[in-house]
Amino acid sequence: HAKANGRGRAEYFTQELADEMADRAQLEADLRGAIDNDQFALVFQPQVSLPAGRIVAAEALLRWQHPIHGLKSAGTFIQRAEETGLIVEIGEWVIQTVAETIARWGRMGVEQRLAINISQRELDHAAFFNRLRAAMMAANAPSRLLELEITETLAMHCSSEVVAMLELLRADGATISIDDFGTGYSNIARLRALPIDRIKMDHSLVAHVADSAEARTIAHAVIGLIHGLGCEAVGEGIETQAQADVLRVIGCDVIQGYAIAEPMDEAAFIAWSRTDERRALAG
Ligand code: C2E
Ligand code: MG
Ligand code: MG
Ligand code: MG
């Protein structure tokens with residue numbers, strides 16, 4: 001009896017593993033198709049200053065219009081794109097599209113800085129920064145309207161060549177941000193040495209500031225550290241008015257999250273950026 005049970009379990013796990021492998025293979029095939037069939041789009045999420053509630057930038061986030069599963073968020077496929085290296089080609093599309101978007105908005109009188117997310121695999125390619133500069137130049141998009149987000153983990157491990165390229169880009173006027181701060185292992189000396197302007201505190205670091213004194217104290221201390229580094233503190237994943245209120249009180253400079261606005265397509269973002277509803281929320 002026990003033996004039969006054991007075998008049943010083994011078969012169950014084997015089937016599960018087989019299903020998972022098939023899913024991954026399908027996702028990879030679909031991702032290749034997505035590049036060829038132009039199924040990607042960018043959505044834009046505003047970031048607003050505290051306490052004024054003024055829009056200071058927008059983060060461009062990747063979306064995939066899947067032929068069967070509908071609109072998919074980056075969180076559902078980025079990791080696979082990174083593992084397979086497809087992120088390099090997808091990233092080229094992102095760079096190109098962001099450069100064109102910055103220029104198009106400029107012609108419409110919408111001078112908005114746009115932040116893009118960069119993966120390790122993209123930075124591994126020596127051509128990355130040249131492509132980025134070339135795309136910005138070709139579109140006639142000014143570097144001061146470009147922001148690069150690199151995760152804390154990536155920032156701790158990138159090569160001195162990458163740091164030098166970031167320095168060049170920053171000298172051109174671009175903004176450099178550390179993303180998902182509080183999820184990796186930061187070395188303070190290294191943080192000081194990096195050419196960075198802003199640090200985005202991960203959702204997990206600010207999620208409980210409204211209901212936990214401990215969380216509030218920690219967030220307050222982290223904001224002090226960020227300011228000590230001469231950087232702007234950005235709170236990510238802000239979902240409630242209460243969180244926004246606490247962050248304002250403890251000195252956070254900028255917030256981003258569903259409490260302000262969800263990521264929007266271009267038309268909705270432009271309409272939103274022309275209203276001042278957000279002021280009420282940011283206080
Ligand atoms: P991220 O850069 O930390 O982006 C924030 C994620 O949180 C986004 O998920 C966003 O839609 C979501 N979010 C925004 N506000 C809230 C909120 O109030 N609450 C919660 N719970 N979530 C919120 P998304 O779009 O699925 O992106 C996931 C990750 O994928 C991003 O994390 C980023 O690391 C990566 N990513 C997105 N677009 C790109 C891209 O174009 N290129 C690369 N290489 N990576 C990208
Ligand atoms: Mg980001
Ligand atoms: Mg983040
Ligand atoms: Mg993230």
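Me: What makes a residue a donor here?
Reply: Donors are N, O and S atoms within 2.8 Å of the metal (3.2 Å for Na, K and Ca), and water is not among the atoms, so sites may look incomplete. This is a predicted model, where local features need pLDDT of at least 70, side-chain atom pairs count only at pLDDT 80 or more, and totals for chains, interfaces and linings use all residues. Residues are numbered from 1 along each chain as its sequence is written, chains are lettered from A and ligands numbered from 1 in the order in which they are written, and side-chain values use heavy atoms, leaving out hydrogens and water.

Me: Which residues coordinate the magnesium ion (ligand 2)?
Reply: Glu 59 (OE), Asn 117 (OD1), Glu 149 (OE) and Asp 179 (OD) do, at 2.0 to 2.2 Å. Along the sequence, their spacing reads E-x57-N-x31-E-x29-D.

Me: Why does the pair Glu 59 and Asn 117 tie together parts that are apart in sequence?
Reply: Glu 59 sits in strand β2 (residues 55–66) and Asn 117 in strand β4 (residues 114–117), so the pair links parts 58 residues apart in sequence. Strands are DSSP runs (E, at least two residues), numbered from the N terminus.

Me: Is Glu 59 buried or exposed?
Reply: Buried means under 20% relative accessible area, exposed over 50%, partly exposed in between (1.4 Å probe, protein chains only). Glu 59 has 4%, so Glu 59 is buried. Asn 117, with 30%, is partly exposed.

Me: Why does Lys 72 have no salt bridge?
Reply: A salt bridge needs a side-chain nitrogen of Lys or Arg within 4 Å of a carboxyl oxygen of Asp or Glu. For Lys 72, the nearest side chain of opposite charge, Asp 30, is 7.3 Å away, so there is no salt bridge.

Technical notes
Helix = DSSP H or I, 4+ residues; strand = E, 2+ residues; numbered from the N terminus. Lys, Arg positive; Asp, Glu negative; His and termini not counted.
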